[in-house]
Amino acid sequence: MLKSLPKITLLGDACCGCGACAARCPKSCIGMITDGCGFPTPMVNLDVCIGCGGCDSVCPAMGERPKDGAQSVLWAKSRDRGERLASSSGGVFGLLALDVLADGGVVCGAAWDEGCRHVRHVLVEDGSDLDSVMRSKYVQSSVGRKAYEGVREALRGGRRVLFSGTACQVAGMRSYLGKLADSDGFLSVDVICHGVPSPLLWEKWAAYKEVGVGAALRAVNMRSKATGWLSYSASYAYAHDAEKDVARASSAAADSCIFVDDWYMKAFLANASLRPSCFACRVKRSCGSDVTLGDFWGIQSSHPEVDYEGGVSALLCNTSKGLAAIERLKSGIEWGESSLEKVLPGNPSLVRPVVPYERRGEFMADLECGRGIDEMMAVYGFEPSLAQRVRSKLGGVKRRLKKLLGKA
Ligand SMILES: Cc1cc2nc3c(=O)[nH]c(=O)nc-3n(C[C@H](O)[C@H](O)[C@H](O)COP(=O)(O)OP(=O)(O)OC[C@H]3O[C@@H](n4cnc5c(N)ncnc54)[C@H](O)[C@@H]3O)c2cc1C
Ligand code: SF4
Ligand code: SF4
Ligand code: SF4
């Protein structure tokens, strides 16, 4: 009998690289290889495939998806300034994670790997390792079979699990888990997602930075708040930097500049380096997550009463499980009611895919054919948008004012 060809082999640009198909395949005949731009992509060994359809059944890029409903929309930030500074926005993820770990649970999130060359989802079982999965890494993270199976086994063993990632990763993990995803022990958090940049561009950028400095990278912080939350910096720490500076790469000793001046960040924010699926994202507000977290950009005008120093999160509780998890944190956070109408103006990526950079095809072709970073920087300047410039300036003004007032 003729076996049917898995539909995932026909997805093309719609595939988001979540890896659920590979983790689900009973014959282990799907390998996640990297495409020409370094994005994880499934490759099916048709000689081994039995045509069972398991991969298609878990793929978040296929079929209709029910919409997520926000039961509650809040602004929120950790009361602990240190926790906020160690996070990208208001530090809510860290608090959710600590709650799960304190119960003997497991956290699965994105961490730097291989000398900051790659980002992968890892399992964390100890509070002392939590820092590795904190803060946004603007590179597509690979969610391997180990992460999928680790989450499933922890749940089967009766442990609580917190899984966090982009909406497509949450959708992939939820489909893989099936009924287990609805069990009380599983909590999923998606981040408001602008899109994920090319792992190959990051690899080349990291190598370029190392050659420029003459030392190996030891830590990267793409959301250093040393220059403020609105005007955050991309910071790089090297082998010769002091040990204490390395973990978060946020001190003055690190090689650091405001996001609007860092070429890698500019390519990301100009939508030049993103995965093709991100321009037609099918899972925004339909990944089934319990909680959605993002930066509350624009809070200065939507909630002028809130002190946003150190960062504030936009927090959406999508399910009653999500509501209960946030309820448990409430003594550790400052929060207030908000609404989608207040979140959306500063964060359209919550519901709408971004529009590709007009020369994206050319940019990615140059990357794929091996052009060096120097050459690409000379060709593609990436002027930040007006909104990004205003945000970075606002952050700087606030910082200087604080300094002045402190001196007075
Ligand atoms: C690629 C990407 C794009 C984003 N785009 C936006 C946006 O357009 N607007 C917005 O408001 N917020 C965006 N965010 C989310 C935002 O930057 C914060 O991650 C979020 O507000 C949570 O912050 P926190 O302070 O609660 O915790 P943090 O400690 O900052 O939490 C970090 C969480 O993000 C996860 N994470 C980090 N890097 C990755 C990655 N590469 N892939 C998958 N998961 C990752 C970690 O597992 C962890 O759970 C984006 C995040 C990422 C990773
Ligand atoms: S159809 Fe079944 S055996 Fe074939 S690749 Fe998909 S999951 Fe694997
Ligand atoms: S979207 Fe995910 S599950 Fe679907 S083919 Fe791509 S990697 Fe596999
Ligand atoms: S924009 Fe959509 S497809 Fe792209 S990484 Fe984010 S959730 Fe996935």
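Visitor: How far apart do the C-alpha centres of domain 1 and domain 2 lie?

Guide: This is a predicted model, in which local features need pLDDT of at least 70 and side-chain atom pairs count only at pLDDT 80 or more, while totals for chains, interfaces and linings use all residues. Residues are numbered from 1 along each chain as its sequence is written, chains are lettered from A, and ligands are numbered from 1, in the order in which they are written. The domain assignment (its bounds come from an automatic or database assignment) gives domain 1 as 7-58 and domain 2 as 65-408. Between the C-alpha centres of these two domains the distance is 26 Å.

Visitor: Which element supplies the largest share of the side of domain 1 that touches domain 2?

Guide: Contact (C-beta atoms, placed from the backbone, within 7 Å) joins 19 residues of domain 1 to 23 residues of domain 2. Helices (H or I, at least four residues) and strands (E, at least two) are DSSP runs numbered from the N terminus, and both α1 (20-24) and β1 (30-34) supply at least two residues of that side of domain 1. The largest share, four residues, comes from α1.

Visitor: How many residues of the side of domain 1 that touches domain 2 are nonpolar?

Guide: Ala, Val, Leu, Ile, Met, Phe, Trp, Tyr, Cys and Pro count as nonpolar, Asp, Glu, Lys and Arg as charged, and the others, Gly among them, as polar. On this side of domain 1, five residues are polar and two are charged, and the number of nonpolar residues is twelve.

Visitor: How many charged residues does the shell around ligand 3 have?

Guide: A residue is near a molecule if its C-beta atom, placed from the backbone, lies within 6 Å of it. Ligand 3 is surrounded by 15 residues, the closest being Ile8, Cys15, Cys18, Cys21 and Cys59. Its shell has twelve nonpolar and three polar residues, and the number of charged ones is none.

Visitor: How many charged residues are in the shell around ligand 2?

Guide: Cys25, Cys49, Cys52, Gly54 and Cys55 come nearest among the 14 residues around ligand 2. This shell divides into nine nonpolar and three polar residues, with the charged ones numbering two.

Visitor: Against which element do the buried residues of α13 pack?

Guide: Helix α13 (residues 360-368) has Phe363, Met364 and Leu367 as its buried residues; buried means 20 or more other C-beta atoms within 10 Å of a residue's own, exposed 12 or fewer, and partly exposed in between, with C-beta atoms placed from the backbone. They lie on the same side of α13 because they cover an arc of only 90 degrees around the axis, taken from the directions from the helix axis to the C-beta atoms. The element against which these buried residues pack is α7 (199-213).

Note on methods
Two residues are in contact if their C-beta atoms, placed from the backbone, lie within 7 Å.
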